[in-house]
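Trainee: I would like to learn how to read charged side chains in a protein. Please start with how accessibility is described.

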Amino acid sequence: MITYSLIYVIILILFSCVLWQVVKISTFGGNKYRELGEITSNDSLVVQANRGNILDCNGKLLASTIPSYRLHMDMRADGLERDTFNKYIDDLCVCLADLYGTATPYQFKQRLRGAYNAGKRYFLVDGKRLSYTQYKRVLNFPLFRLGKKSGISWEINIHREHPFGKLGARTIGNNYANGMGYSGLEKAFNDQLKGMSGIAFVEKKGGEWVKINAIDPIDGYDITSALDIDLQDIAEEALEKRLVQSDAEWGCAVVMEVETGEIKAMANLARTSDSTYVESQNFALSAMTEPGSTFKTAAVMAALDDGLADTSEVFDTGCGYWKEDDWTMTDHNVKYSKDGGFSDEGGYHEISLAKAMWYSSNIGIAKMVDKYYRNNPRRFVNNLYEMRLKEPLDIIIPGAATPKLMDPSSPGFNRATLLWMSFGYNIQIPPIYTLTYYNGIANNGKMVSPVFVKSISENGTVIKTFNTKVVKSRLCSESTLKKVRSMLEGVVTDGTGKTFKSNTITFAGKTGTAQTNYWQKEQGKRKQHQYSFCGYFPADKPMYSCIVVVFQPNRNGISPAGLTFREIAEHVLARKMNVIEKRDEKANVKVPNSLKGDKQSLENVYKRLKIPYTVDGNEKLRWAKPHTNDDNDLVKVNPIQISTNSVPNVVGMGAKDAIYLMEHSGLKVRIAGYGDVIKQSIAPGSSVQKGTVVDLTLRHN
């Protein structure tokens with residue numbers, strides 16, 4: 001009964017609060033809200049909120065709402081008399097010509113005078129749109145200083161500006177004409193970016209119609225992305241160069257920070273009808289293609305972690321082909337005889353599992369899977385599921401696809417299905433999933449979800465942060481991970497990645513080549529491929545992981561994906577090391593030297609910059625000469641006596657203080673150069689002859 005009584009009392013209190021609010025609104029605020037309702041329904045205007053900004057991880061502006069202005073004039077405005085118009089028109093037209101650069105002052109004068117004589121009410125002065133800075137400048141032009149009496153009026157256009165152009169366009173996203181986002185981060189965070197519109201009404205005051213806000217708009221929040229626009233530039237430039245060289249259909253490159261999972265760069269480029277490359281689709285998130293040999297790493301990891309296989313185990317790959325009754329499997333180094341059959345001169349023959357990975361032998365990996373999982377394909381597929389290779393990731397950007405893996409219970413699943421899965425066929429995985437898996441290998445086995453946004457802020461204050469999410473805390477055992485990483489390093493040092501390894505940095509990863517039209521058997525039909533490389537760098541202490549995919553290149557050569565990966569890795573690490581060096585330089589900065597001059601000004605600067613200092617001498621003296629101590633970590637300010645009854649000694653001062661002292665003594669000053677004073681033409685201590693010119697020579701000419 002006590003419990004029920006307590007609940008009854010709480011409900012009664014809540015009901016009383018609601019009832020009080022109803023009475024309060026209807027009695028005390030009724031008129032206000034009824035008027036607001038009438039304004040909203042009849043004479044109201046929607047006041048658009050400013051859409052929030054999108055920033056990169058270093059605070060650089062990636063997308064912002066920018067107003068632009070077009071200048072109009074009402075030639076029949078109250079107060080714009082002919083005498084007033086004629087008085088200012090010449091000076092005004094000079095300013096307009098300088099601002100626009102589209103016509104001479106005379107042409108502007110003819111244009112404005114014709115409009116004035118015709119009495120035009122909404123005359124467009126010039127079609128060129130002006131920035132906010134230019135808009136403010138125009139307000140101070142002759143005639144326009146008079147305000148509304150001058151007839152000045154504005155056409156304001158709000159548009160979304162991308163200061164870095166096409167860089168990261170598909171990730172940042174775009175907007176509809178009404179400002180709402182329809183792709184990328186613009187769409188994913190549209191509700192946070194758009195803000196809340198206000199309501200205004202027009203009222204006549206003092207003979208003029210003015211707009212009064214009934215409800216002020218609330219500007220949208222700012223989004224700080226994980227992107228680093230400098231790394232984005234590196235990735236896009238490297239990718240575009242290789243796409244052009246290989247004449248490929250499309251390509252993508254993604255750079256992820258190993259520990260945090262933050263996506264630092266995501267480039268997506270597709271060829272257009274005029275053979276240029278633009279960001280038209282986010283292939284890194286949406287491309288559902290068969291990955292090919294980059295998937296071999298997962299197959300080998302499964303067998304190693306099950307304790308079934310070992311990297312030293314030998315498999316016979318024969319002459320590069322494996323033929324059964326209803327299928328034939330080949331390695332990339334298979335050779336053909338003159339009659340079109342297979343030659344015995346190709347293949348790797350007997351190689352270890354490690355070398356099968358190095359050389360990307362389909363047969364070597366498939367025979368390993370056939371040996372250990374032929375009678376239990378469910379165990380193999382379950383291992384892939386345990387690696388989270390099919391589980392949807394928390395990708396906030398719209399349009400992301402999810403992997404598709406064949407399952408033993410699927411119709412048509414057989415032994416061949418299992419074998420082809422082992423080297424990346426019969427499955428479809430978007431590049432971002434492959435990268436996330438390899439990033440887990442680089443991150444000591446911890447697999448984390450990609451992070452695209454770091455925080456949401458309002459007026460510079462962070463109101464929400466996005467932390468790293470762990471997808472799987474351990475991909476495999478430590479011993480398995482060590483073997484896998486060793487094999488991925490061997491791919492680059494001794495295997496298929498040897499042709500594009502770097503001379504300046506180390507990286508590890510796996511090459512991938514998948515035929516994209518293998519089902520087309522027509523005679524003479526050209527085989528088309530997808531090239532990829534997924535890995536991390538540096539190899540020993542990974543900082544970044546990266547995947548590059550190049551789809552259907554029309555020119556053969558060294559893997560364009562591998563070459564792109566190498567270029568990205570080299571440039572990213574070079575920039576990283578440069579940043580670290582600059583940071584170290586800043587950490588070792590000593591106390592700066594200062595010129596002698598006004599003591600109070602020196603102290604103000606030291607306090608503002610938090611530079612340690614002491615005053616050594618008479619603090620009442622106005623002038624001082626600073627110097628640092630032996631350890632260069634403290635400034636000693638020594639007050640000095642400077643007489644204005646004789647020529648002062650200004651050597652070692654800046655120009656401002658030197659001029660002040662000389663003119664205060666009654667001398668006229670002539671300066672040559674800039675910097676600190678190193679010479680004065682009249683010796684210090686000399687008698688002052690009022691009006692005498694003293695030449696001051698500054699350090700730099």
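Mentor: A residue is called buried under 20% relative accessible area, exposed over 50%, and partly exposed in between (1.4 Å probe, protein chains only). Lysine 371, at 52% relative accessibility, therefore counts as exposed. This is a predicted model, in which local features need pLDDT of at least 70 and side-chain atom pairs count only at pLDDT 80 or more, while totals for chains, interfaces and linings use all residues. Residues are numbered from 1 along each chain as its sequence is written, and side-chain values use heavy atoms, with hydrogens and water left out.

Trainee: How many salt bridges does a search of the whole structure find?

Mentor: A salt bridge is a side-chain nitrogen of Lys or Arg within 4 Å of a carboxyl oxygen of Asp or Glu. The search finds 29 of them in the whole structure.

Trainee: Which residue forms a salt bridge with lysine 371?

Mentor: The partner is glutamate 313, with the closest N and O atoms 2.5 Å apart. Helices (H or I, at least four residues) and strands (E, at least two) are DSSP runs, numbered from the N terminus. Lysine 371 lies in helix 13 (residues 362–373), and glutamate 313 in the loop between helix 11 (296–305) and strand 12 (314–316), so the pair links distant parts of the chain, 58 residues apart.

Trainee: Is glutamate 313 buried or exposed?

Mentor: Glutamate 313 has 15% relative accessibility, so it counts as buried.

Trainee: What joins Lys60, Asp228, Asp230 and Arg575?

Mentor: Salt bridges with shared partners connect these four residues, Lys60, Asp228, Asp230 and Arg575, into one network.
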